[in-house]
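Let's take a walk through this model, starting with the metals and then moving out into the fold. Keep the structure open as you read.

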Amino acid sequence: MRVRILGCSGNLVGKYRTTSFLLDDSFLVDAGTVTEAMGRRDLRKIRHILISHTHMDHLKGLFPLVDELVMMGDYSVELVSVAPVLDIITNNLLNNLIWPDFTVIPSVSKAVIRLKEIPLERPTVLDRISVTPVLMTHTVYTVGFVIRQDDGQGFMFTADTGPTKRFWEVAEGERDIRFIIADVSFPNRLADLAILSGHMTPSMLMESIDAHELGDRLFYVSHMKPVFAREIIAEFERSGRKNIRFLRQSEILTV
Ligand SMILES: [Zn+2]
Ligand SMILES: [Zn+2]
């Protein structure tokens with residue numbers, strides 16, 4: 001499986017784009033960046049969009065994508081998440097006020113957006129990719145994921161989270177995980193703000209790694225606020241840890 005990083009920053013500013021990963025050709029994980037990073041021909045191949053939570057930096061790529069698909073005619077995408085996340089989207093986005101209800105446009109049977117509910121902590125297979133949502137600790141209902149291809153190899157993604165327990169417990173038990181993409185948005189001096197906004201600092205991630213004996217796993221730091229990126233990287237580098245890398249926009253990871 002190829003994991004193409006369309007965006008991985010904690011804000012949209014300058015060249016930095018927000019969270020979205022393309023798995024192979026047809027599977028998006030979060031939709032913070034879509035049309036800015038993909039050509040028209042590739043947009044047509046997207047079939048599933050897995051959503052971790054409803055903050056705009058993970059959703060806003062849906063607007064231009066769906067608009068483009070409507071213009072192409074006869075295309076549809078499946079919006080995939082747990083019920084609480086889909087409910088927020090239905091009630092607050094697809095409400096004909098902020099955005100049209102694309103689950104009935106152009107008709108119910110040919111709708112551009114189909115909603116697909118998946119259960120918490122159980123694997124669901126979509127296009128040979130298995131996804132297992134795990135509840136995180138953020139300011140709104142948020143799930144991270146265990147994502148595997150059909151040979152069992154996979155990776156994990158915290159989505160947005162502050163210090164949390166369940167995800168790391170699940171990680172301890174998961175084998176054949178090539179890497180874990182983890183949210184570190186703020187430097188250590190802004191620990192209070194990190195907790196308040198449901199994100200982590202370098203110290204918080206390293207404490208979680210140590211508390212759960214995950215020191216032998218490979219981590220990619222994601223969702224850094226661009227203004228703090230240098231400071232965050234310096235803090236990790238001072239720790240001397242060899243298993244922590246920094247996710248880069250446009251790079252392609254292989255699982
Ligand atoms: Zn968020
Ligand atoms: Zn975010």
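Start at the zinc ion (ligand 1): its protein donors are His53 (NE2), His55 (ND1), His138 (NE2) and Asp160 (OD), lying 2.1 to 2.4 Å from it. Donors here are N, O and S atoms within 2.8 Å of the metal (3.2 Å for Na, K and Ca), and with water not among the atoms, sites may look incomplete. A word on what you're looking at: this is a predicted model, where local features need pLDDT of at least 70 and side-chain atom pairs count only at pLDDT 80 or more, while totals for chains, interfaces and linings use all residues. Residues are numbered from 1 along each chain as its sequence is written, chains are lettered from A and ligands numbered from 1 in the order in which they are written, and side-chain values use heavy atoms, leaving out hydrogens and water.

Back to the metal. Why is the arrangement around the zinc ion (ligand 1) irregular? Because its four donor atoms subtend angles of 90 to 166°. For four donors, tetrahedral would need all angles between 85 and 135 degrees; square planar (or octahedral, for six donors) would need opposite donors over 155 degrees apart and all others between 65 and 115; anything else is irregular. Along the chain, the donor residues of this zinc ion (ligand 1) are spaced H-x1-H-x82-H-x21-D. Histidine 53 sits in the loop between strand S4 (48-50) and helix H2 (62-72), and histidine 138 in the loop between strand S8 (129-135) and strand S9 (143-148), so the pair ties together parts that are 85 residues apart in sequence. (Helices, H or I with at least four residues, and strands, E with at least two, are DSSP runs numbered from the N terminus.) Histidine 53 counts as buried at 0% relative accessibility, and histidine 138 is buried too, at 14%. The cut-offs are under 20% relative accessible area for buried and over 50% for exposed, with partly exposed in between (1.4 Å probe, protein chains only).

Now for the other metal. The zinc ion (ligand 2) takes Asp57 (OD), His58 (NE2), Asp160 (OD) and His223 (NE2) as its donors, at 2.1 Å. The two zinc ions are 3.6 Å apart, and aspartate 160 coordinates both. Aspartate 57 is in the loop between S4 and H2 and histidine 223 in the loop between strand S12 (219-222) and helix H7 (229-239), so this pair ties together parts 166 residues apart in sequence.

Next, the sheet. Seven strands form an open sheet in the order S7-S8-S9-S10-S11-S12-S13, with mixed pairing. Its edge strands, S7 (124-126) and S13 (244-246), each pair on one side only. Two strands pair if DSSP finds at least two bridges between them; S11 (residues 177-183) and S12 run parallel, joined by four bridges. One to find is isoleucine 180, whose bridge partner in S12 is phenylalanine 219.

Finally, look at the packing. The largest nonpolar core has 54 residues, and Val3, Ile49, Ile147 and Phe155 have the most contacts inside it. A nonpolar core is a set of buried Ala, Val, Leu, Ile, Met, Phe, Trp, Tyr and Cys residues joined through side-chain atoms within 4.5 Å. H2 gives this core its largest share, five residues. Ile49 stands opposite leucine 79 in S5, and five of the five residues in S5 (residues 77-81) are buried.
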